[in-house]
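Good morning, and thank you for making time for this item. I would ask you to keep the sequence and the structure in view while I speak.

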Amino acid sequence: LACSKQAEVMEAATSAFVQANYLVCALSGVEAFADLELNPTDLGFLAASICLSCGMLGLGFASRDKSPSRVLGLPGKKTDWDLEFLLLILVRFVEVLSRVFGINLLHISTRFANFKLGGPAVVLVLAVSSRLLFRNAAAVDV
């Protein structure tokens, strides 16, 4: 069951990042997306799909705060579904949504006219910053 939950979180993360990248590129006028004719309805469905994926990620991360789960070797504190846990899911949703769009904005900001660095620069910046911020964490936890 734990492996299937992790797979669900990975699928939601992949979906959220790819769809958000598409949305950010389309709205910011990236050359490759300039020729696409995107109507507001399609963009609305795309935004709803991103929100659903981020909601699944929020649920996945909030469930790590439950007692049987462990993050950095520390057990979670929540044991049941109550208002506090539902609010935690909401907070994790907002946290994930902001991170997804933040990473995509970083990706867009590293695309230059003649030198498209984009993805590799974002991966490098995120890997170095997470290693600096979480020195005691294993690579899996970061």
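The largest nonpolar core has 13 residues, and those with the most contacts inside it are Ala16, Leu23, Ile50, Cys54, Leu57, Val96 and Val100. By nonpolar core I mean a set of buried Ala, Val, Leu, Ile, Met, Phe, Trp, Tyr and Cys residues joined through side-chain atoms within 4.5 Å. Buried means under 20% relative accessible area, exposed means over 50%, and partly exposed lies in between, with a 1.4 Å probe and protein chains only. Helices α1 (2-28), α3 and α4 each supply at least two residues of this core, and α1 gives the most, with 6 residues. A second, separate core of 5 residues includes Val24, Val30, Phe33 and Ile108. In soluble globular proteins, nonpolar side chains tend to be buried together.

Please note that this is a predicted model: local features need pLDDT of at least 70, side-chain atom pairs count only at pLDDT 80 or more, and totals for chains, interfaces and linings use all residues. Residues are numbered from 1 along each chain as its sequence is written, and side-chain values use heavy atoms, with hydrogens and water left out.

As to the overall arrangement, the protein chain has 5 helices and 2 strands, in the order α-α-α-β-β-α-α along the sequence. These are DSSP runs numbered from the N terminus, with helices being H or I of at least four residues and strands being E of at least two. Of the 142 residues of the chain, 27% count as buried. Contact means heavy atoms within 4.5 Å; among contacts between residues at least 6 apart in sequence, 53% join residues at least 24 apart.

Which residues does valine 100 contact, leaving aside its neighbours within four places in sequence? They are Ala16, Phe17, Ala20 and Cys54.

Let me turn to helix α3. This helix covers residues 40-63, and at 1.5 Å a residue its 24 residues should span 34 Å; the end C-alpha atoms are 34 Å apart, which agrees. The expected span is 1.5 Å times one less than the number of residues. Buried residues in α3 are Leu43, Leu46, Ile50, Ser53, Cys54, Leu57, Gly58, Gly60 and Ala62. Serine 53 counts as buried because its relative accessibility is 9%. Beyond residues up to four places away in sequence, serine 53 touches Ala12, Ser15, Ala16 and Gln19.

Methionine 56 is also found in α3, but is partly exposed, with a relative accessible area of 31%. With the same exclusion of residues up to four places away, methionine 56 touches Glu8 and Ala12. Methionine 56 and arginine 92 are 36 residues apart in sequence, yet their C-alpha atoms are 9.8 Å apart in space.

How many salt bridges does a search of the whole structure find? There are 2, where a salt bridge is a side-chain nitrogen of Lys or Arg within 4 Å of a carboxyl oxygen of Asp or Glu. In one, the side chains of arginine 92 and glutamate 95 meet at 3.1 Å, N to O. Because these two residues are 3 apart in helix α4, about one helical turn separates them. In the other, arginine 99 meets glutamate 95 at 3.5 Å, N to O; here the residues are 4 apart in α4, again about one helical turn. Arginine 92 is partly exposed at 22%, glutamate 95 is partly exposed at 27%, and arginine 99 is exposed at 52%.

Finally, the surface. The accessible surface of the chain comes to about 9,600 Å², of which 68% belongs to carbon and sulfur atoms. Areas come from the Shrake-Rupley method with a 1.4 Å probe, and for residues only the protein chains shown count as cover. A nonpolar patch of about 640 Å² is made by Trp81, Leu83, Leu86, Leu87, Leu90 and Val94. Patches take residues with over 30% relative accessible area and no salt bridge, joining like charges within 9 Å and nonpolar side chains (Val, Leu, Ile, Met, Phe, Trp, Tyr) within 5 Å. Valine 94 lies in helix α4, residues 83-109, and is partly exposed, with a relative accessible area of 48%.
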